[in-house]
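Here is a short report on one protein chain. Keep the structure in view as you read.

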Amino acid sequence: MVGMRISRVGGLGSAPPAARGVAMMLAAALSSVSMAVCVRLVSEDIHILEIAFFRTLFAFLALSPWLIGPGFRALHTRRLGLHAARAGLNIVAMYLFFYGLLIVPLAEVSALAFTSPLFASVLAVLVLGERITRARALGLAVGFAGAAIVLRPGVGAIGAGGLVVLASCAIWACALMTIKVLARTESSFTIALYAALLQIPLAAVPAMFVWRWPDLGQLGLLALIGVLGGLAHLALAQAFREADATAVLPADFSKLVWASLAGFLLFAELPDLWTLAGGALICGAVFHLARKGAAPAGAPLGPGR
C-alpha cells in the first residue's frame, strides 16, 4: 500500500516498472546524499552521538503512520535478543558513518559506502554457509580492488577516515546478516518495527553524555536528517519492488555524482579521479553480484541510508 502511494508521486504510476524503479533509486541516492550534507552542516555544533539519536527519533516519527498500522500484533516475537543485536549494530554503524562524514570528503564516503553488499556477501559465505562461486569470487575481488583504489595503500598513508567508513560498512553488513536470519521467522514489518523502537533508547543513552539543546535552525536540520534517512529507506525498498536489482542498481551510482557536486559546491571538495574510478569499480562489482544472485539486493546499500 505504501509502495503504491510512493510510486504515484510525480505521475510515476503510469510509467513502466523499470522506469519507476530507476526513479525511486535516484530519489533514494539523492535523499541519502542530502542527509549526509545535513549531518556535515549540523555537526559543527551538535555531537554525532546526539545527531544519531535525532536521526532515529525523527525517522521513526516520519514513518510511524505506516509502522503503527497493524497494531500490537507486530510486536509478537520470540527473537527479541536478535532484534536488539540488529538495532545495536545499526547504531554503531551509524556512529562510525557520521564520524567518517566529518573527516572524509563526501565523494570518498559515498564511494566506500558501496562496499556494504561486498562485506555482506563475504559474511553470507562465512556465517550462513552460502556457496562461493567463481562469479561471486570475481565480483568480490573487483569490488575490494575498487576500495583499494579509493584508499590507495602504498601511495600514501591510509587515512583513518577511510578505514572508519569501511568499518561502518562492515558492521552494517553484519546487521544485514541479522536481518536475513530474522526474515526466516519474522515478518518484514516486525523487523522494521523493532529496529525503529529499539534504536531510539539505544541511541539516547550515549547522547545524554554529550547533550546540547539545539536551537530552532539546528532542530530543523536534525529533523531533516531523520526524514531524509527514512525517505531513502522507503524509496530504496520501493525501487527493488518495482524492478529487478540489475535494472535499478546502476542508478545508485548517481550517489557518487550527487556527493561530488555537493562536496564541491558546499565544502570546496574536488573529487579526484581515483575516487571516481574506484567507486565505479565497486558499484560495478555490486551490480555483477546482484546479477548473479550473490548480493543482498533488497537491503539498504550502506549505513547512510
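## A loop residue: H76

H76 sits in the loop between α3 (48-67) and α4. Helices here are DSSP runs of H or I with at least four residues, strands are E runs of at least two, and both are numbered from the N terminus. H76 has 61% relative accessibility, so it counts as exposed. Exposed means over 50% relative accessible area, buried means under 20%, and partly exposed lies in between, with a 1.4 Å probe and protein chains only.

Which residues does H76 touch? Leaving out residues up to four places away in sequence, they are E186, T190 and Y194. Contact means heavy atoms within 4.5 Å. H76 and E186 are 110 residues apart along the chain, yet their C-alpha atoms are separated by 9.2 Å.

## About the model

This is a predicted model, in which local features need pLDDT of at least 70 and side-chain atom pairs count only at pLDDT 80 or more, while totals for chains, interfaces and linings use all residues. Residues are numbered from 1 along each chain as its sequence is written, and side-chain values use heavy atoms, with hydrogens and water left out.

## The chain as a whole

The chain has 13 helices and 0 strands. Of its 305 residues, 50% are buried.

Now take the contacts between residues at least 6 apart in sequence. Among these, 88% join residues at least 24 apart.

## Two residues in α4

L102 belongs to helix α4 (residues 80-103). Its relative accessible area is 34%, so L102 is partly exposed. L102 touches R40, S43 and I48, not counting residues up to four places away in sequence. The C-alpha atoms of L102 and L41 are separated by 9.3 Å, although these residues are 61 apart along the chain.

G88 is also found in helix α4. Its relative accessibility is 23%, so G88 counts as partly exposed.

## Nonpolar cores

A nonpolar core is a set of buried Ala, Val, Leu, Ile, Met, Phe, Trp, Tyr and Cys residues joined through side-chain atoms within 4.5 Å. The largest one has 67 residues. Those with the most contacts inside it are M25, I51, F98, L101, L106 and I225. Helix α2 (residues 17-42) gives the most to this core, with 10 residues.

Look at F98 in detail. F98 touches M35, V39, I48, I51, A52 and R55, again not counting residues up to four places away in sequence. Apart from this core lies another, of 9 residues, among them A93, L123, W172 and A175.

## α6 against α7

Two packed helices are described by the angle between their axes and the distance between the axes. Axes are lines fitted to C-alpha atoms, for helices over the stretch in contact, and angles run from 0 to 180 degrees between N-to-C directions. The axes of helix α6 (residues 116-126) and helix α7 (residues 134-151) come within 10 Å and cross at roughly 140°. That makes α6 oblique to α7. Angles under 35 degrees count as roughly parallel, over 145 as roughly antiparallel, 65 to 115 as roughly perpendicular, and the rest as oblique.

Which residues meet here? From α6 come L118, F119, S121, V122, A124 and V125, and from α7 come R136, G139, L140, G143 and F144. By class, this contact of α6 with α7 has 7 nonpolar, 3 polar and 1 charged residues. Ala, Val, Leu, Ile, Met, Phe, Trp, Tyr, Cys and Pro count as nonpolar, Asp, Glu, Lys and Arg as charged, and the others, Gly among them, as polar. The buried residues of α6 pack against α5, α7, α8 (160-182) and α13 (273-291).

## α5 against α12

Helix α5 (residues 106-113) and helix α12 (residues 254-267) pack at an angle of about 160°, with their axes 7 Å apart. That makes α5 roughly antiparallel to α12. L106, A107, S110 and A111 in α5 meet several residues of α12, including K255, L256 and F267.

Most residues other than glycine have a negative phi. A268 has a positive one, near 55°. A268 lies in the loop between α12 and α13. Its relative accessibility is 67%, so A268 counts as exposed.
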